[in-house]
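Please examine the sequence and the model before reading on.

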Amino acid sequence: MKMKIVKTIDEVRAQVKEWRKQGLTVGLVPTMGYLHEGHASLIEASHRDNDRTVVSDFVNPIQFGPTEDLESYPRDLERDAKVVEEHGGDLIFNPEPSEMYHQGFTSFVDMTVLTQELCGLSRPVHFRGVCTVVSKLFNIVKPDRAYFGKKDAQQLAVIRHMVDDLNMDIEIIGCPIVREADGLAKSSRNTYLNADERKAALVLSQAIFKGMDMVRSGEKDCAVILDAMKAHINAEPLAKIDYVKMVDCATMQQITALDRPALCAMAVYIGKTRLIDNFFTEDV
Ligand code: AMP
């Protein structure tokens with residue numbers, strides 16, 4: 001079928017209802033647009049597993065803090081449409097903020113504990129915005145499965161936890177991080193980097209690979225691993241660490257020894273641009 005772009009909740013619902021009548025399964029890929037190969041890998045995974053794939057393309061205002069990059073966040077729907085079509089998506093849902101948040105909107109999905117570590121510390125409203133918009137998208141599309149990148153590892157853990165806590169009947173699929181040839185994790189925010197910053201940004205993935213090597217060679221002391229990673233990043237003058245931490249995969253609480261499945265996650269400013277990267281010890 002020909003890929004369609006719709007702007008309203010009613011149009012999404014009508015299309016999904018039609019598919020359901022035909023007995024088709026539906027996958028959802030939530031995105032903020034400006035799609036790259038990372039997003040494309042999620043669309044492909046959904047296309048493989050489901051009869052139809054909905055891609056939401058929406059820069060969600062309520063997950064940005066007041067001093068963050070909501071206004072400057074890159075947008076290009078025409079380009080996104082090509083990526084979605086090429087990788088097997090069937091429907092793009094690209095609502096205006098007013099379609100998602102009507103006047104008088106006051107209901108939020110708020111999560112404790114998991115959101116109070118890592119990115120939650122420097123982005124206090126972020127996960128409330130993410131959980132709220134993802135819940136709304138789940139209610140609008142009612143997919144069988146939803147696809148999220150491990151690039152946003154805390155987000156993936158938060159969504160899994162929300163789906164479990166709130167008994168949402170949706171399978172959550174986590175997909176591997178897609179990287180540039182030189183290692184930098186693909187991100188819509190990479191477009192903010194100038195040439196010097198783009199070079200400097202390599203310290204994130206280099207530190208990640210260093211950490212993975214140490215885990216592979218049997219190091220169990222988190223401080224030893226994290227110190228080596230931080231030293232590598234701190235040697236780059238354009239880099240400023242927000243955090244580099246080792247946490248329990250399920251709870252996002254910090255650990256000191258690798259005695260359980262863990263997530264090693266970082267956020268680093270390169271100039272004014274905040275970038276994230278991570279690895280799961282289970283994937284090493
Ligand atoms: P965003 O548009 O940045 O909100 O991302 C939408 C989805 O794409 C999220 O589930 C991200 O984790 C995922 N994603 C973004 N970048 C990558 C990447 N480099 N590799 C894999 N998934 C990604």
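Which polar backbone atom is 2.9 Å from an oxygen atom of the ligand, and in which glycine does it lie? The atom belongs to the backbone of glycine 149. The structure is a predicted model, in which local features need pLDDT of at least 70 and side-chain atom pairs count only at pLDDT 80 or more, whereas totals for chains, interfaces and linings use all residues. Residues are numbered from 1 along each chain as its sequence is written, and side-chain values use heavy atoms, with hydrogens and water left out.

**The ligand**

The ligand is surrounded by 17 residues, where a residue counts as near if one of its heavy atoms lies within 4 Å of the molecule. The closest are His39, Gly149, Asp152, Val178 and Lys186.

| Residue | Atom of the residue | Distance to a ligand oxygen |
|---|---|---|
| Methionine 32 | polar backbone atom | 2.9 Å |
| Glycine 149 | polar backbone atom | 2.9 Å |
| Aspartate 152 | N or O atom in the side chain | 2.6 Å |

**The two domains**

The domain assignment, which is automatic or from a database, gives domain 1 (4-175) and domain 2 (188-278). Their centres, taken over C-alpha atoms, are separated by 26 Å. Contact (heavy atoms within 4.5 Å) involves 23 residues from domain 1 and 19 residues from domain 2.

The size of an interface is often given as the accessible area lost when the parts come together. Here the buried area (accessible area, 1.4 Å probe, lost by the two parts on being put together and summed over both) is about 1700 Å², and carbon and sulfur atoms give 55% of this value. On the side of domain 1, Glu117, Leu118 and Lys151 lose the most area to domain 2, together 32% of what that side buries.

**Salt bridges**

Side chains of opposite charge can pair when their charged atoms come close. A salt bridge is a side-chain nitrogen of Lys or Arg within 4 Å of a carboxyl oxygen of Asp or Glu. The whole structure contains 16 salt bridges, and two salt bridges are counted between domain 1 and domain 2. Lysine 245 pairs with glutamate 117 in a salt bridge whose closest N and O atoms are 3.1 Å apart. Another salt bridge joins glutamate 37 and lysine 186, at 3.0 Å from N to O.

Technical notes:
A polar contact is a pair of N or O atoms within 3.5 Å; within protein, one must be able to donate a hydrogen and the other to accept it, and residues adjacent in sequence count only if both atoms are side-chain atoms.
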